[in-house]
Amino acid sequence: MADVQAPAEAPTGGLRPIGKIWGFFKWTLLGYCVLSGLLVLSSLHMHIFLLRAFEWGDPVTESEGVLVDIHQEIVGLSLLVFMALSWIGYARFYQRSMYNARQLEPDENTIAPMGMWLWHIVPIAALWMPFKGVRQVWDILKTNAGEEVRYPAIFGLWWGLWIIANIISNISWRLPGGAWDFQLSAANYTDYLTVNLIDMIAGALTVISTLALFRISSKLASLQKGFTLTGESRLKDVFE
């Protein structure tokens with residue numbers, strides 16, 4: 001039986017492995033998701049503490065308030081670290097995924113590999129270009145894997161909730177209770193409660209959005225792992 005050759009149009013160099021890049025992105029993204037959830041719970045604890053102190057008339061101690069503050073600060077700082085790490089993972093994963101997609105279907109109309117993360121920092125265009133890029137990768141990988149190209153609800157959950165969460169967070173920063181120099185007191189605690197409630201909503205939306213992104217990315221990683229041509233691997237299997 002004659003050897004099966006790769007398609008003639010496939011560019012020299014072929015596809016590049018995604019395994020280690022996906023591994024890093026996967027765990028940092030999950031860490032970011034877990035910490036986002038913990039921050040929501042920590043903010044809820046603070047919310048209840050302030051209601052007890054200023055409205056419900058429950059006895060509270062200074063040490064209890066200090067513990068709530070420390071918990072929020074630890075979770076908040078950890079979240080910032082994992083946010084940075086997950087963004088690095090996102091940039092590497094989707095740059096590599098678009099590179100592989102363009103190896104399968106060279107098309108100048110697709111977003112450049114580096115554009116998968118650079119568009120996130122371009123004003124206005126950041127509202128749709130990153131989403132467009134992920135859809136392009138999805139289209140190409142699904143088509144070349146012989147699967148029907150359909151867009152599950154998680155696409156809308158990911159991008160829609162991500163945009164809404166960012167808008168809500170920007171609103172909270174501009175409210176009196178969200179100012180950097182805000183000093184909490186009995187006279188202005190309601191301002192803080194308002195901002196805290198808004199932040200909890202944004203955090204919950206972020207958790208859902210992050211889980212949706214994880215599902216999308218997991219599928220894309222799986223597709224890149226599974227590319228074969230009558231049993232001959234077109235991508236090194238480095239996922240195990």
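These are my notebook entries on a predicted model of one protein chain.

**Ground rules**

I number residues from 1 along each chain as its sequence is written, and I use heavy atoms for side-chain values, leaving out hydrogens and water. Since the model is predicted, I take local features only at pLDDT of at least 70 and side-chain atom pairs only at pLDDT 80 or more, while totals for chains, interfaces and linings use all residues.

**Entry 1: confidence**

I looked up pLDDT, the predictor's confidence in each residue, from 0 to 100. The mean for the protein chain is 83, and 85% of its residues reach 70 or more. I noted a stretch at residues 1–13 where pLDDT stays under 50. There the model has 13 contacts beyond four places in sequence, a contact being heavy atoms within 4.5 Å. Residues 228–240 also stay under 50, and for them the model has 28 such contacts beyond four places in sequence. Where pLDDT is low, the predicted coordinates should not be read in detail.

**Entry 2: overall layout**

I listed the secondary structure from DSSP runs, with helices (H or I, at least four residues) and strands (E, at least two) numbered from the N terminus. The protein chain has six helices and two strands, and along the sequence the pattern reads α-α-α-α-α-α-β-β. Of its 240 residues, 40% count as buried; buried means under 20% relative accessible area, exposed over 50%, and partly exposed in between (1.4 Å probe, protein chains only). I also checked contact range: among contacts with a separation of 6 or more, 72% join residues 24 or more positions apart. The chain exposes about 13600 Å², of which carbon and sulfur atoms supply 63%. These areas come from the Shrake-Rupley method with a 1.4 Å probe, and for residues only the protein chains shown count as cover.

**Entry 3: helices α4 and α5**

I compared helix lengths with the expected span, which is 1.5 Å times one less than the number of residues. For α5 (residues 153–174), the 22 residues should span 32 Å, and the end C-alpha atoms are 32 Å apart, which agrees. For α4, the 16 residues should span 22 Å, and the end C-alpha atoms are 23 Å apart, which also agrees.

What covers the buried residues of α5? I found that the cover includes α1, α2 (62–104), α4 (129–144) and α6 (189–226). The buried residues of α5 include Phe155, Trp158, Trp159 and Trp162. In α4, the buried residues include Phe131, Val137, Trp138 and Leu141, and the buried residues of this helix pack against α2, α3, α5 and α6.

Ile124 lies in the loop between α3 (115–118) and α4. Ile124 has a positive phi of about 70 degrees although it is not a glycine, and at 59% relative accessibility it counts as exposed.

I looked up Leu220, which is found in helix α6. Leu220 is buried, with a relative accessible area of 0%. Leaving aside neighbours within four places in sequence, Leu220 is in contact with Phe93, Tyr94, Val137, Trp138 and Leu141. Leu220 and Phe93 are 127 residues apart in sequence and 9.8 Å apart in space, C-alpha to C-alpha.

Asn196 is also in helix α6. Is Asn196 buried or exposed? At 4% relative accessibility, Asn196 counts as buried. Its contacts, neighbours within four places in sequence left aside, are Ser43, His47 and Gln72. From Asn196 to His47 I read 149 residues in sequence and 7.0 Å in space, C-alpha to C-alpha.

**Entry 4: Arg92**

Arg92 has its place in helix α2 and counts as partly exposed, at 40% relative accessibility. Not counting residues up to four places away in sequence, Arg92 touches Ile21 and Phe24. Arg92 and Met114 are 22 residues apart in sequence and 8.9 Å apart in space, C-alpha to C-alpha.

**Entry 5: a nonpolar patch**

I noted that Val34, Leu38, Leu41, Leu44, Ile48 and Trp56 form a nonpolar patch on the surface, with about 560 Å² of accessible area together. Patches take residues with over 30% relative accessible area and no salt bridge, joining like charges within 9 Å and nonpolar side chains (Val, Leu, Ile, Met, Phe, Trp, Tyr) within 5 Å. A salt bridge is a side-chain nitrogen of Lys or Arg within 4 Å of a carboxyl oxygen of Asp or Glu. Leu41 is found in helix α1 (residues 19–56) and is exposed, with a relative accessible area of 54%.
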